[in-house]
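Me: I would like to go through the labels used for this model and ask what stands behind each one.
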Amino acid sequence: MAKWLVKSEPSECGIADFARDPEGVIPWDGVRNYQARNFLAQMQEGDEVFIYHSSCKHIGIAGIVRVVKAAYADPLQFDPESRYFDAKSSADKPRWQAVDLAYVRTINPLISLDRLKSLDGLTDLPLVRKGNRLSVMPVNEDDWNTILTLDATAKRH
DNA sequence: GCCAACGTTGGC
DNA sequence: GCCAACGTTGGC
């Protein structure tokens with residue numbers, strides 16, 4: 001199973017939104033960046049995903065969710081009312097993809113960006129590189145495990 | 001609110 | 001195909 005990380009502003013959709021309805025499914029839509037889309041398209045059902053809270057007071061990895069439906073055409077690209085509408089996209093040639101995600105658990109306290117940056121064991125995480133704006137990225141197995149060593153939530157189990 | 005970094009657009 | 005202008009991201 002591959003591992004991933006997605007960024008989101010918690011005021012838009014954070015781990016709390018997943019936790020509120022643990023049985024529910026949240027479509028991860030509105031991604032409008034080609035590199036991020038290409039990664040979305042590679043996600044498989046069962047893959048685990050870090051939820052990273054950006055542009056907010058407490059920046060960092062705040063929880064884990066799971067892919068419950070692999071990539072499909074993002075419906076918002078066809079909706080003229082949506083801010084994610086794309087006139088250049090068509091039903092037979094959709095440009096943008098979405099996946100469905102469901103709650104796994106909350107990481108509390110979250111793993112802050114500061115702590116992530118202080119890890120020297122990370123081999124390849126675009127997130128901690130300066131100026132990186134990629135909102136969907138792969139996390140290799142080693143980095144995933146390294147990050148989880150900072151997770152106090154797991155230690156309590 | 002600022003601003004550096006980055007991706008996209010569009011004129012040429 | 002280049003690249004300047006522009007809009008957006010995201011940490012601070």
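Reply: Start with the word near: a residue is near a molecule or strand if one of its heavy atoms lies within 4 Å of it. This is a predicted model, in which local features need pLDDT of at least 70, side-chain atom pairs count only at pLDDT 80 or more, and totals for chains, interfaces and linings use all residues. Residues are numbered from 1 along each chain as its sequence is written, chains are lettered from A and ligands numbered from 1 in the order written, and side-chain values use heavy atoms, without hydrogens and water.

Me: Which part of DNA strand B lies within 4 Å of the protein: sugar or phosphate, or bases?
Reply: Sugar or phosphate accounts for 63% of those atoms, and bases for the rest. The residues around DNA strand B are Asn33, Tyr34, Lys130, Gly131 and Arg133.

Me: Why is the pair of Phe50 and Trp144 called stacked?
Reply: Rings of Phe, Tyr and Trp (its six-membered ring) pair if their centres lie within 6.5 Å; planes under 30 degrees apart count as stacked, over 60 as edge-to-face and the rest as tilted. The centres of Phe50 and Trp144 are 3.8 Å apart and the planes are at 15°, so the pair is stacked.

Me: What makes Trp4 and Phe39 buried?
Reply: Buried means under 20% relative accessible area, exposed over 50%, and partly exposed in between (1.4 Å probe, protein chains only). Trp4 has 3%, so Trp4 is buried; Phe39 has 17%, so Phe39 is buried too.
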